[in-house]
Every structure is written in C-alpha cells, then in structure tokens.
Amino acid sequence: MLSRVAESLYWIGRYVERAEDTSRLLDVHVHTLIEDPWVDEHIASRDVLSVMGVPLPDGRLDARRTTDRLAFDREDTSSIVGALSAARENARGVREALSSELWEALNATYHALPAQQAAAERHGPGGFFRYVRERAAFIGGLLDGTMPRDDGWRFLVLGRSLERVDMTARLLWARGQQRGASSGWIGLLKSCSAHEAYLRTYRTAVEPEKVVEFLVLDRLFPRSVYAALAQAETCLMELDPTAGRVGVDDMARRLLGRARTDLEFRVSSDLLRELPFLLDMLQTTCAEVGSAVAGRYFHHTAALAWTAER
Amino acid sequence: MRLQVRHSTGYSYDTEVLSSYNEARLVPQTGLTQLTLSSAVTTNPDALQQRYWDYWGTQVTVFDVHVPHTELQVTCTSVVDTAPAPAPGDPTWELLAASSDEHIELLRPSAKTIPNDDLKALASDAQGSPRDVVLALSGMVKDRVEYVPGSTGVQTSAVDAWQLGSGVCQDIAHVTLSLLREAGVPARYVSGYLHTAQEPVVGETVSGESHAWVEAWLGGWWGFDPTNGIPAGERHVVVARGRDYNDLPPLKGVYAGGGMQYLGVTVEVTRLA
Amino acid sequence: MGDLFDGYALGAAWDEVFGRDGQPHPECGPLHAALQEMSAEELTSRSTALTRAFRDQGVTFSLSGEERTFPLDLVPRVVTHEQWVDVEKGVQQRVKALEAFLADVYGEQQAVKEGIVPRRVVVSSSAHCTPAHGVEPPNGVRVHVSGVDLIRDEEGRFRVLEDNLRTPSGISYVVENRRAMARVFPELFATHRVRPVADYPSRLLNALRAAAPHGITDPTVVVLTPGVFNSAYFEHSLLARLMGVELVEGRDLLCRDGVIWMRTTAGEQRVDVVYRRIDDDFLDPLHFRPDSMVGCPGILNAARAGNVTIANAVGNGVADDKLIYTYVPDLIRYYLGEEPVLLNVETHRLDDLDQRAWVLDHLDELVLKPVDGSGGKGLVIGPQASDEDLHELSLAILRDPRAWIAQRVVQISTSPTSVGDRLAPRHVDLRPFAVNDGEHIWVVPGGLTRVALPEGSLVVNSSQGGGSKDTWVLAGEEGPAEGDPEEPVLRPAAPGEHKLDRGPWQDQQQQQQQELSC
C-alpha cells in the first residue's frame, strides 16, 4: 500500500472518530446545561473547550459559543465540521482505496453539512449531533461491511482506535475536573454511549470509581480505553506479523503494549486517584504512537520542489 | 592529431542535497573527421551511469545521485584522433533550396539566434555563392563582436552580444549562426575544445576552456571557428552539435534543495601524438 | 398534457432524432415514443435526483478550484449498428495510421523522406518532442488510449474534428453516465439492445499490461495523477479503482538508477507501467518544466532504458497537432494503403500562401483553430466574432501562420436536450475512445457525447458550459463483433430447495400471521 494512501486512511479513521466523539461530548454538555439549573454555563463551557485543547476566547462563554467553536468551525479539524471535511478531503485523495459505499458515505455526509448546520440554527443543535453520530455509525458499518481486512482497513481502524483512546481520555479528564454531582458521571457515561452497558454490568447506582473502571478497563465495552488500545495493538501486529525472536521491535506497538499492561495490572480502586497521571500518560502515548507510526509507515510523502541546475 | 582532453565541472550547494538527476554532454563524437578512442565520465558522489545518443547525435551520460551531498563534480577524460580541416564545398543556391526541408531546423532562427534588423540587413547584403556568403559573414563577426571573457552569461542571445559588441565564443557562434541562417545557409552550433597552441607540442598540457564554433552546410558540413577566424581543424575536438547552446549544455539537471553555485569549468588539453 | 417536444425547431443541422420530414429516424422511434409519454415534471425530477447522486458519488470535475458535476442530459443519443460499424472501422484505421506516423516521426522518418508530410511541418510542431527520440515502446504502442472527436455534418455523415492522442479524458463519464441511465431509465433499456461500455477498464488494463517492459511477466501498473486538484481527478481515481491498481502522485514515485519505484508501507516497490494522466510538460522535471512538482524526475530516461513504460508515450502530441490533422488522410493512404473511412472537415493550411490569402479574406465565414489547442481552447468562430476580434485574429495569423488552421463552419448535428421544461435542439459531438493493446485496437461501443448547452453554441466542452449524453450503440443481429470474446454465461443452480434461514422470532410471527389468516 502506498505510504501516502496509508496516511490518508489513518487520518480518515481519526477524523471520523473525532467528529463522533465531539458530537457526543457536546450533546451531553448542552443537555447538562438544560437539565441542571445549578450549572454555571460559563465554567462548564470553559471546561469543555479546554478539555478539547482549544484556546479559550475572551468574554463570557455559553453553550452557543461553545457549539459554534467545537461543532461548526470549518477551518479547524478539532471541530465536527472541520474533522468531517478533513476526512472527506483525505478520502477524495484515496478514493480508489475505499469501497464506493464508504467513499459515498463520507462524501454525502460532507455535502449535507451546510443543510444540517442550517437546521441546527433553527431547531437547536440536537438534531445535528444525532446526524453526526448516525453518519459515523453508518460509516463505521460500511467500514466493517465493505472493506476487506487488508492493510487499508488496518490503517483506518488504527486511526480510529488511537483517536478513541485520546478522546475518551479527554472526556474522563473533563469529568475528573469536577467533583460531586453524580449527574456529571451519568453524563460522561452517556457521552460514551456507556450508560446502559454500565448499568447492566454493575447493576448498581453510578459511582465514580466504577465509572472510571468501566471506561478505562472494561475488556468488552468497545469504547473503553483498554479495548481501543488493544484494537490498535492488534492492527499494528497484523501490519507487521513478522515478530522477531526477542521482544517487540516496532516502536508504536511497544508503546501501546506498555500503556495497555500499565492499565491492565493496576488496582482498580486506585484508578480514580491516579486518574490525572493516567490520562496524561495516555495522551502522551497517543502522540508518541502517532509519530512512531508516521515514522515507520508514512515516510516522506511531501512533494519535492525541483530546481534546475544552471 | 591525437589529443587528450580532461574536462571537470560541477556545482556546490548551500544546503545538503538529498537527490539530483543529471545529464552530462561531455563525450566527444566520432564522425568523418574525428575518432574518439576512449572516453570516461566519473562523478563525485559516485553514481551509476546510463548513456544514450540524443536527437542531435550527442552522447549523453545520465546519472542520478541519491546520497546526501553538498558538492557535485563531474569529470570526463577522453582521447581523440582529429583530422585536418577539409576545404569548404561550393554548392549552388538551388542545391541549398532543394535540401531546405531536410535542414529546416538549422535554417530557421532558434531561441538564441533570432536576428534583429541590423543582422538581417547584414545577411541580405552578403553577395555571391553560398560559399562566398559563408566566408564573408563568418569571417566578419570577430571584428564586430570582440572576444571578452566574462562579458556575457549562458543566457545571452545573439542580439544581446551583437548590441554589446563583445562576448565569448558562445556568443560569437550565435551571432554567426543568426547571420548564416538569415542568409539562407543551414548552420549549426558546435561545442567542444580547442588546443590553444598554434603548433601543439606532444606531451605538453595546456589549460583551455570549453569552446564553441559553427558548421555551415555547403553540400557537406564545413566547420568554422568565428572567434579565432579559422576553419575548424585538427586542433578542434567536437563534443556536441545542435541549433544553439540550449540543445547541448555540458551539464544539466534538477535537484531538491537550497541554492547552488556553478563551480566553473577546467579543461586540460594534451597532444599525445 | 404538454408534449416535451412542443416547439422543437429543426435548423440547418442534422438532427439526431428527427429526419427532415419531422418524423423520428427509425432507430429513434421507441425513444421518441417513450419521451412523448413523459411529463416535464417527471423529467426534471429524474434529472435532479441524478445530479444529487453524481454529487454524492463525487462524479465531478474541477473548474477553477470548484467541484462541479458534469451535467448529464437524460435524452440518450442513439447510434445504429450500421453507423457504428463505420465509426469503429474509421477510428481503428485512424489510430493505426497515427501509430505508424508516430513510430516514423520518432524513428526513420520515411513519410517525411517520401514527401507525404514536409519535415518543416513535423519539426515545427510545438509538440514535436526531441527527448522522445530514442524511446522505444516495448510492444510498439505509443497510443494506448485515444479519443477521436467526431461530429456529424449537415448530411448526417460522421467526420473527424480532431484527434486526441496525449491524455484524452472523458471515459469516466461514459461509464458513469451508463450506470446512472440504467438506474434512471430501466424501462428504456428493456426496449433497446444497448451495447455495454463497462468493459473499458479491463481492456485498458490488458493493454497496459501488454505494454510492459520486456521480460516482465506480471507487471505492476499504476495510474499517475497530478492530484485531487486536477480537473479530471475523478476519472483518474475511477480508472485506478476499476483496474484495481494504485493511483499514485509524483511524490509517491522515485526514480533510482533508471528504475521507477513507488513508496509503500512495506518499502519501495518496483513499477513497470505508468498510465500517466500528466501532460508531457509536467511529467519529468529533468527534461521538461523543472518547476513541476507533480512529475517524477528521471522517468523519461528510465523509459529510454526500457525499464518502465510510459502510457501514452511522450511526444504523441505531434500527431494530434491540427496541421498534421490535415495530412492524416494522406497518412492513412501511405501507411495502410487504404482510403480513409472517416472524412476530415474541410481544412485550410495557412502556411500555404494562397490559402492564407484566401482565408484572411474570408475570416468571417470560417472557424479558426490554434493547432495545439484542444477542447475548443482559443477557437474563433468567424460568423459569431466581432470585427475587432477578427482583426486581432488576422494579426495573430500573420505573426505565426503555422499556429492556426481554418475550417468551414460545420453545422454540427443537434439532439433533443432538456432546456427548462422542454426539449430543444442542441449541438453534439462524439468522442469514442480506442484502446490499443498492440494486437488489436478496441473501440468502446459508444463514447462520450458532449452537448453544447447554450442555444446555438457550437463549442462542446465541459469548461465552456457543456454537458454530456449517454451514447447508445444498438447491438447488431450477429452478436459481438470481432475481438469481443463472448462472456461465458454462468447459470445459477435453481434456488428451489434452499430455504432462507430465519430467526426464531420471525418464525413465530409467521405462525401468528398464518393463524390470523386461517
């Protein structure tokens, strides 16, 4: 597979996941503001922006400004529209490597964004968030149903998994900042589509320790940090199945494996206390894995400028 | 006359260059009046070479460099047997007209030889047979364009040099070509080397430069060195022919990286026998 | 009920559907009848759905940075089997002669020596490419893909307007238009036996594989594109996808020691055949424009060394130069010893003094074309030009007569085309595509019918307000023509015994339903 194509596929995976997770986060944020009269809108909005790594604008923040920034900023790939546009732009450059269905889904999603955004202006952003989640699910379904399990698929899923680790870490971070109200923890679970799964698993009320345990360590829930790390690791292993005799020589895999075992063998009751440290470790890992993968697979794909010798 | 020529040229780059693609036109030709006995191109950094003969009959050495480098040097060492200059032919204008389609590329102005009104007038003033016209026009140029090294560059055209009244061998050749073609005589640009001693001594190495002169078609090709005002003979070594300099740069290429400087040329010519 | 054909006015041009008597040509009867039953609303709604589908699929071209769909007119253009036989023969003959000419130009130049084409015409072509001399295509093919632009004159005869031997584009619209029409008008396909066009990618792949360097038995073929911003990017991507080969950009390729490699996640992989959709000028910075960032330096010398095949070959443009065009009938006679099957349009050569003088006197009656423009670029239609334009034109001609040809204004044929809520006559041309694998020249049955959407416009081009139509070549009685191996028909076993599996709940529901209905 061409390095350039692999790189684009990886980023399609990342951007679609980012759009989806951001819409989950924003949906919960907006709902919290509506449902909880004691929440300070400015502080809550500030937390959301900072967890997404977005520089804070001046002045008082509200749900509207937050949504404009994180949902509709066309120029920035940290917003939903920006991420989906970037995913589509990448897809356009590698469409021969995607199934027609998958390409059409990405392209049609992109083309529908202006209309969806206009609808959000009139009826509130809920419908927009739902649209993004549904399209992401649709795209994910086509990814599973129409793409052969070759290296192209692996790069897509690798991107998606890494982004998921990163985004879940950010969501946890945002929650960890606030103490108290259990509604916040429910919101966190909901933003990961994990509320029902959590209830079925623990059959108890929502407790912060258990929520963290579930979202970080659960082996079966696909959006947990552990599951995403393991998925990413599998992709890397399949990309380079020639394991040597000693250890693991692929840097990205080593980083992922270390992070996964670090989580796996922790005492779960300590998790909540150690959360800031863990999340920092996870985000560093994601960044390092990203550059290790680029260094190994995406070598030198910028166009060269040639100069005539005179 | 047996001559050995050693030609070195190259570039230095401001920043490290990771790759470059190059073509060198340095290997002397073999033809009716010249036999190339041996010729070897070496490059530093070392590179695999491919060779081909281009449209104009010049042997091209192709090489690309893929190790980081800040300087590229190319050297060609050749041993050539040359023959004395033949007498110019004396065809009629009708014969020239009959072959005009065959020589069309060498009859029309090329990029560097487009004449101005001045040159056109001079060309139309020349009277007599094609041979008379060739001798008159090509003999005249060195009196009007003085040989002054460094007065022009590779981009200078015939008209530039004419208006400046000075130039190097390349410019004098371009002016001559412009006049001959305007007068209706097929003419081509020749690049190569000249042993600068009138009577070359065996075993003595002289330093020279790349040289350029012209060939006119007078029923057959006849070489004339307008810079020195002499027919091209035993002391001339032909490397390449074409419409003008653009068809046969000694070294050309592309590279990815920062600025560059031309290292210039050193040429050493030795009479061997 | 309004008839879609109300107010359909026949002009001087031949019409693709109606004869001079106003009755449809026999082959267009069923189409005409079907359209008559259709309301304007129906046509419009089908057309809107289609544009949306094209947009979602990304069937687009770029024009000044904007992505546009190439409008597909829903009224197909019908060509009978008999007419097609001539077109096919004519195109094959022409491509064969032009291949021979290119081999000659970049080889012995026999036709020049024997005075069929003057050397001055060949070497003065801006597309005569001196670095292409000495590059020998492994199987002798230089024109792997060609698009010969045809028009129908006032009598309904097909004539050649120009040859495109460099990187002709448009085949993706042929393929996509057919897919779209089959969805929009399934009922019309039931009443017409239309020859399929979907074979194209596999034919092209065969031809590219056949062109591989000597000794390569399982060649790696790639499609080389300038990138997503190129106007024909969709086509490059479609062809790569339908051939199952990599779509590469210049930066994915690397020439080392005369061999071409592509950069993959598993290291460098050797490339044997490059179907390039980049113009000569941008293909190799070493030989052509050094500032090109989309090419691959060294590729031309790699082809010269016989290590890679460039398709189409470098330098093909000399044979589609429009002044050379005027010599093509002579070239057909010279190389093939045959009379041309397809006529040229009457053309004046302006390097001839007498013809030039006559043309300069009659500029307002003629079409003037630059010899190296394609797709209507720089073309001047005398009768529609202002005096000022004509004056400019005459100066341009006098400055460089070699750069122009003059042609009679042909009223090229019209075809019913959706305009508002009616059908109106609009001028159309036809670009059939030919693929040469070295053994056989295969012509796609159909090709791209382009339509000039502005009323009265004779310029059919996507960048100048053009659209397209699906071209329906009707099948003959005797089945596939020579060179079309018949596909084996796979009959599925009768599904009779195998029931579809059901989940337990569905069984229950069915039982419930049965109980209810009892």
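**Contacts between chains and domains**

Guide: Between chain A and chain C the count is 2 salt bridges. Keep in mind that this is a predicted model.

Visitor: Which side chains meet in a salt bridge with 3.3 Å from N to O?
Guide: Those of E249(C) and R4(A) meet in that salt bridge, at 3.3 Å from N to O.

Visitor: How many residue pairs are in polar contact across the interface of chain A and chain C?
Guide: The rule finds 13 residue pairs in polar contact there, both residues of a pair being at pLDDT 80 or more.

Visitor: Which helices of chain A supply at least two residues each to the side that touches chain C?
Guide: In chain A these are α1 (3-35), α4 (80-93), α5 (100-123) and α7 (151-177). The largest share of that side comes from α5(A), with 6 residues.

Visitor: And how many residues are in contact between chain A and chain C?
Guide: 30 residues of chain A are in contact with 27 residues of chain C. The area buried between chain A and chain C is about 2,700 Å², and carbon and sulfur atoms give 49% of that area.

Visitor: Which residues in chain A lose the most area to chain C?
Guide: L2(A), R92(A) and R95(A) do, and together they make up 24% of what the chain A side buries.

Visitor: New topic. What about chain A and chain B?
Guide: Here 7 residues of chain A are in contact with 16 residues of chain B. The area buried between chain A and chain B is about 840 Å², with 57% of it given by carbon and sulfur atoms.

Visitor: How much area do domain 1 and domain 2 of chain C bury between them?
Guide: About 1,600 Å², with 45% of it on carbon and sulfur atoms. K322(C), L323(C) and V410(C) supply 32% of the area that domain 1 of chain C buries against domain 2 of chain C, more than any other three residues.

Visitor: How many salt bridges does the rule find across the interface of domain 1 and domain 2 of chain C?
Guide: The rule finds 3 salt bridges across that interface.

Visitor: Last one, on helix α1 of chain C. Which of its residues are buried?
Guide: In α1(C), residues 29-36, the buried ones are L31(C), H32(C) and L35(C).

Visitor: Why are they on the same side of α1(C)?
Guide: Because the arc they cover around the axis is only 100 degrees.

Visitor: What do the buried residues of α1(C) pack against?
Guide: They pack against β3 (72-79), α7 (186-191) and β19 (422-431) of chain C.

How values were computed. Residues numbered from 1 in each chain as written. Chains lettered and ligands numbered in written order. Predicted model: local features only at pLDDT ≥ 70, side-chain atom pairs only at ≥ 80, totals over all residues. Heavy atoms only, no water. Buried < 20%, exposed > 50% of the residue type's maximum accessible area, 1.4 Å probe, protein only. Helix = DSSP H or I, 4+ residues; strand = E, 2+ residues; numbered from the N terminus. Arc of directions from axis to C-beta. Contact = heavy atoms within 4.5 Å. Buried area = accessible area lost by both parts, 1.4 Å probe. Salt bridge = Lys/Arg side-chain N within 4 Å of Asp/Glu carboxyl O. Polar contact = N/O pair within 3.5 Å; in protein donor to acceptor, adjacent residues only side chain to side chain.
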